[in-house]
Structures are given as structure tokens and as C-alpha cells.
Amino acid sequence: MEVCMVDDISGGKEKMPIRAVNNVDDVRLLPKFVYITRMVYPDWFKKVEPVGCDCVNGCSDSHQCPCLVKNGGEIPYNENGSILQRKRRVHECGPLCKCPPTCMNRVSQHGQRYRLEIFKTELRGWGVRSRDLIPSGGFVCEYLGEFLREKEADLRVGGDEYLFDIYNSRGGRVDGFAIDAGVYGNVGRFINHSCSPNMYAQDVLYDHADNKMPRIMFFATENISPLQELTYDYNYKLGMVCDANGNIKTKVCHCGSSDCRRRMY
């Protein structure tokens with residue numbers, strides 16, 4: 001029998017409650033962490049203010065709107081708020097823009113759109129699913145935590161399960177940044193890996209203009225049925241995760257996909 005352990009793991013911080021359910025074992029306590037809805041930036045972070053647009057009636061002019069120009073002359077979302085295609089980076093309208101909150105170029109910044117819940121899996125700890133149908137291209141959630149430099153993240157050995165490395169288009173780290181959701185995080189920290197994922201991580205900027213430090217937003221790659229687990233590819237490379245002594249760690253993959261690579265790292 002499915003047991004609802006917590007009615008809302010966010011404690012009312014999200015637009016919709018996020019339940020925690022378990023019908024696998026007798027565990028009734030969640031991992032300890034502080035639920036946040038904003039990124040935790042370090043003291044050294046200096047915000048680069050974005051250039052705002054003057055589109056008081058909403059963004060539509062691909063030549064005059066600076067936000068659309070940065071997006072290649074188009075709005076990256078359709079009228080339903082679904083992303084049209086994966087991009088190197090999406091520039092949403094920000095706090096200095098004069099367009100209304102209903103502007104089509106404001107999607108991920110509005111937060112949760114579907115009723116998410118975390119649930120206990122058989123082999124992979126906690127996972128995330130939606131109680132609603134998520135259409136292809138639909139925004140699911142952001143990955144939040146502490147924004148760190150690579151060197152600081154490497155000192156937190158043992159918590160690699162909650163580290164999200166920020167990559168550039170060539171697959172290398174961008175100036176060595178990472179997001180650590182071990183202590184501070186949101187529902188995104190519970191999303192599991194899959195070798196055949198139904199979501200992808202998209203770089204998005206809207207509240208600052210530093211390309212090296214994008215926000216990480218998850219979008220659906222396909223129509224996702226209610227109660228189907230939400231997953232993305234962690235993109236670990238073999239040999240990249242080490243323990244406190246510098247020894248290479250290995251972890252078996254239990255995603256169950258027909259394309260499973262058998263090892264996460």
C-alpha cells in the first residue's frame with residue numbers, strides 16, 4: 001500500500017505541494033536537507049545585470065527585442081510554454097525587461113507547472129514523477145543548490161550524487177563550476193539518472209547575464225505520462241569520480257533502459 005509520508009516536502013515554498021510517497025519499504029524519513037526555491041550564491045558572486053527590453057506589450061519583434069536577438073531572432077517557446085528545441089543557451093526576459101509576466105519569453109522563471117512528487121524506487125533510492133501529463137518540451141523544474149567553484153566542490157568528497165557540473169557545448173566544464181544540492185536543494189535533487197532519459201538539462205539566463213553561470217532547467221524530451229519516473233542523463237564519464245584518497249570510484253547503473261551503459265561512473 002502506498003504511504004504518503006509528507007504532504008509537501010517544500011513546506012509551502014512551491015506553487016503546488018510536492019508529496020513524498022513510499023510503497024517499497026518501511027522507511028518513513030527523508031534525507032535531511034534544506035528546501036530552497038532560489039540558488040544559493042557564494043559571497044564572491046558578482047551579479048552581471050542583463051540588458052532589458054522595452055517590449056511593453058510582450059516580445060514579438062525579432063529585430064528590435066534584444067532578448068529575442070540573443071535567442072537567434074525567435075522566441076524559444078510556443079504559446080503553451082513548451083520549448084521548441086534544445087539550445088546551447090536560452091535567454092528569457094528578466095527583471096529589467098518592460099514586457100509583462102505573461103510574455104511568451106518568460107517560462108522557467110515562473111517555476112513549477114505540474115504536480116510533482118517524490119517516491120521510493122526499488123533500486124535507486126528516491127525518484128521523481130508527475131501526477132500530471134507533461135507534454136514534450138514542457139518545463140519541469142530547476143536544479144537548485146549551492147553554486148560552487150570546481151575546487152570547492154571537489155573538497156566535498158562523498159556527496160557527488162548531488163553535484164551538477166556545468167558544461168559548455170564541447171563537453172568541458174565552464175570555468176569549473178558546479179551546483180551542490182547536498183545540503184540546500186529542491187525537488188531536482190531527487191531526479192534519477194537514466195541512459196534513456198525523458199528530460200534534458202537546458203542552460204537558461206534571465207536574472208543575470210553571466211554566461212559562465214547559467215541556471216539549469218529541466219525540460220521534457222517527449223510526452224511523459226502521469227506517474228512515469230522523470231529522469232535525465234547525468235553524463236558522468238568513466239574515471240571522473242574519485243574518493244577522498246584520489247581512488248577512482250565506480251557505480252553500477254540500475255536505470256533499466258534497453259540502452260543502459262551498465263555503469264554510471
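**Close-up 1. A charge over a ring: Arg189 and Phe190.** A charge sits over a ring if NZ of Lys or CZ of Arg is within 6 Å of the ring centre and within 35 degrees of the ring normal. In this predicted model, the charged end of Arg189 meets that description over the ring of Phe190. The distance to the ring centre is 5.0 Å.

**Close-up 2. Arg129 over Phe119.** Here Arg129 lies over the face of Phe119. Arg129 is 4.4 Å from the centre of that ring.

**Close-up 3. The stacked pair of Trp44 and Phe177.** The structure holds 17 aromatic pairs. One of them joins Trp44 and Phe177, and this pair is stacked. The ring centres lie 5.9 Å apart, with 20° between the planes. The pair links distant parts of the chain, 133 residues apart. Trp44 belongs to the loop between strand 3 (34-35) and helix 1 (66-70). Phe177 belongs to strand 10 (residues 173-180). Trp44 has a relative accessible area of 27%, so this residue is partly exposed. Phe177 has a relative accessible area of 5%, so this residue is buried.

**Close-up 4. The tilted pair of Tyr143 and Phe164.** Tyr143 and Phe164 form a tilted aromatic pair. Their centres are 5.4 Å apart, and the angle between the planes is 40°. This pair, too, links distant parts of the chain, 21 residues apart. Tyr143 sits in the loop between strand 7 (139-142) and strand 8 (146-149). Phe164 sits in strand 9 (residues 163-167). Tyr143 counts as buried because its relative accessibility is 2%. Phe164 is also buried, at a relative accessible area of 12%.

**Close-up 5. A cluster of aromatic rings.** Tyr143 and Phe164 belong to a cluster linked by ring pairs.

Close-up 6. The strands run in the order 1-2-5-6-15-12, with mixed pairing. Strand 1 (3-6) and strand 12 (192-193) are the edges, each pairing on one side only. Strand 12 pairs with strand 15 (residues 229-232) in the parallel sense, over two bridges. In strand 15, Tyr232 is the bridge partner of His193.

Close-up 7. An unreviewed UniProt entry places the feature "domain: Post-SET" at residues 249-265. Over these residues the chain is 0% helix and 0% strand. The end C-alpha atoms of the stretch are 7 Å apart.

Technical notes. Residues numbered from 1 in each chain as written. Predicted model: local features only at pLDDT ≥ 70, side-chain atom pairs only at ≥ 80, totals over all residues. Heavy atoms only, no water. Pairing = 2+ DSSP bridges. Helix = DSSP H or I, 4+ residues; strand = E, 2+ residues; numbered from the N terminus. UniProt positions renumbered as here; feature names shortened; annotations may be inferred. Phe/Tyr/Trp six-rings, centres within 6.5 Å; stacked < 30°, edge-to-face > 60°. Buried < 20%, exposed > 50% of the residue type's maximum accessible area, 1.4 Å probe, protein only.
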